[in-house]
Amino acid sequence: MIRNYLFWLACCFVLVSCSTQPQTPVKELSISRVESMPNHPQPYKMLDWHEKAVNFDEAIFDFDATGEFRPFIWLDSAKRNIPQTTFGLYTVIGDVRQGPDKNNGEFHEAINSLGALMSAGLVGIDKRDQKGYNFVKMVQNYFNTDNGWNIMMNNTCPEVALLGGGYGRDWWYDVFPNVLYYAVSELQPNVEGAEAIQKAIAEQFFKADSTLNGDYDYSYFDYAEMKGKRNQIPYQQDAAAGHAYVLYAAYQKFGDPRYLKGAESAIEALLSQKESRFYEVLMPFGAYVAARLNAEQGTNYDVSKIIDWTFDGCKAKDGRTGWGIISDRWGDYDVSGLQGSITDGGGYGFLMNTFDMAWPLIPMVRYDQRYARSIGKWMLNAANASRLCYPYEIPDANQYLPENKSITRNVIAYEGLKKVDAYNNEEFKGVSPVALGDGPNWVVSQPKLSMFSIYGSAHVGVFGSIIKTTNVEKILQLDCLATDFYKNDSYPTYLYFNPYDEEMKIEYSSEALVDLYDIVSGKVVARKISGKGSFSIEGNKAMVVVEIPSGSEIERTKGKVMANGIVLSFY
């Protein structure tokens with residue numbers, strides 16, 4: 001009798017906790033700095049970023065290119081760390097420190113090479129067998145074993161460290177190559193030695209976080225001595241975000257619960273800061289990891305705090321003051337959304353950093369859809385403004401080297417966009433914005449062409465894999481899975497933001513018979529699409545649309561909305 005009663009209670013519990021009714025609409029959270037950005041940035045033009053990424057790969061990985069400062073790639077036969085030949089890419093066009101005949105051919109940077117391989121992988125280019133080279137195997141020379149650090153570093157050896165790039169003295173330069181390597185390894189899998197390197201990196205990052213024990217108040221970390229170090233560079237507490245990102249990816253790949261513990265510890269260290277310590281590129285990865293941990297592991301981390309620290313920027317006098325997200329109009333151009341300095345000369349946005357912001361923030365809305373509208377609006381502005389770094393996309397009067405633009409093949413951009421000229425050139429008095437780069441400041445005799453940034457342009461595949469246009473201008477389809485590395489099984493998921501005041505109808509194509517479920521409103525917004533169909537989106541609203549097999553039963557359980565055993569959303 002008691003057993004029957006307990007069975008009846010269990011059935012009631014299942015009926016209560018598992019329902020075919022969709023979720024209730026989520027409560028939107030706004031990002032104050034994004035609210036100050038325009039819904040309709042002007043002048044507006046959306047590039048074909050996928051095409052840009054494909055063309056970049058073709059232009060850069062061409063050993064037979066001829067002309068001034070070409071080819072942009074060379075072979076490095078020094079065989080550092082691993083007994084194999086690797087390759088180098090010029091950081092900027094004409095960099096006098098680099099090339100096969102400079103510094104033994106060994107000065108090249110991982111954030112460039114790895115960024116280019118990630119970018120290629122994101123747009124479907126296999127770099128494991130291209131023109132007879134396995135470029136993915138070749139970048140393993142950046143895994144620094146000779147110095148005992150046993151992580152990916154920005155150079156292959158200390159002999160070239162002081163030439164530039166922050167090797168072993170500027171923390172983000174030591175952490176970010178590992179974030180990149182995990183992405184490359186997911187996109188270009190089954191490469192000999194890659195898994196062992198990933199495992200070694202995870203071990204080093206876990207040991208480092210355990211050693212730091214919540215105190216990231218250092219300029220960099222010595223991964224051989226396992227000690228935090230301080231120098232003239234501001235402390236980089238947001239390195240914790242990079243540790244967290246790699247460790248959670250490692251947990252997804254290897255299943256070692258220590259890595260999950262390390263990821264949580266690193267996020268807690270980041271959140272323990274009293275104010276933003278955004279230094280270069282890592283902070284938004286913390287927002288992604290925090291949101292994903294909350295969704296998948298049931299934690300309760302303050303994602304809003306990290307988001308605000310990213311967008312509002314660092315205000316600490318002993319930090320990288322002013323580093324954040326620009327929200328402004330310079331001259332006749334809306335430049336909102338660019339990442340860089342908010343304060344340097346009125347603002348200085350950098351292309352690479354802006355590309356890499358989208359990498360964690362677009363997939364983040366899968367795990368916390370409350371930010372869908374703000375992130376969609378930010379992306380519309382950021383993508384529109386980023387094109388102004390390309391010499392063919394900004395008037396000659398607003399750029400330093402219009403007469404040399406042909407060398408860029410329309411795929412190499414200026415390093416960034418500044419509100420006012422950085423070089424006090426009379427020609428640019430009263431001109432705003434100005435497309436330029438820092439290259440000429442790095443070393444004596446550096447040519448002006450070094451304003452054209454290969455390393456910054458190398459990350460274009462992030463935009464190329466995420467952004468597609470729709471039938472309505474300014475309403476973008478943003479792929480939430482493209483950069484959601486080491487994810488669980490998922491259906492195609494897209495973020496849409498409607499900047500107009502009125503409702504718009506968006507065309508949608510599918511070869512299979514599908515329904516569309518919006519995880520923001522908790523509703524099926526279109527049914528039985530096969531070939532071409534459509535759905536409507538309200539004015540000034542966002543949707544995160546998941547494509548599911550038509551007729552799928554949507555199941556609501558505690559903390560999840562699922563279809564056919566696959567999670568559609570977390571709430």
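Trainee: How many cavities of 30 Å³ or more does the count come to?

Mentor: This is a predicted model, with local features needing pLDDT of at least 70, side-chain atom pairs pLDDT 80 or more, and totals for chains, interfaces and linings using all residues. Residues are numbered from 1 along each chain as written, and side-chain values use heavy atoms, without hydrogens and water. A cavity is a set of points, on a 1 Å grid over the protein atoms alone, where a 1.4 Å probe fits but cannot get out. By this rule, the count at 30 Å³ or more is 2.

Trainee: Which elements each supply at least two residues of the lining of the largest cavity?

Mentor: Lining residues have an atom within 4 Å of a point. The largest cavity holds about 40 Å³, and its lining includes Tyr245, Tyr288 and Phe485. Helices are DSSP runs of H or I, at least four residues, and strands are runs of E, at least two, numbered from the N terminus. The elements are α8 (239–254) and α10 (283–297).

Trainee: Which elements give two or more residues to the lining of the second largest cavity?

Mentor: The second largest cavity has a volume of about 30 Å³. Among its lining residues are Gly376, Leu380, Leu476 and Phe497. The elements are α13 (372–386) and β15 (476–479).

Technical notes. On a 1 Å grid over the protein atoms alone, a cavity is a set of points where a 1.4 Å probe fits but cannot get out, and a pocket is an open set with protein on both sides within 12 Å along at least five of seven lines; lining residues have an atom within 4 Å of a point. Grid points are joined across faces, edges and corners, and a volume is the space filled by probe spheres set on the points.
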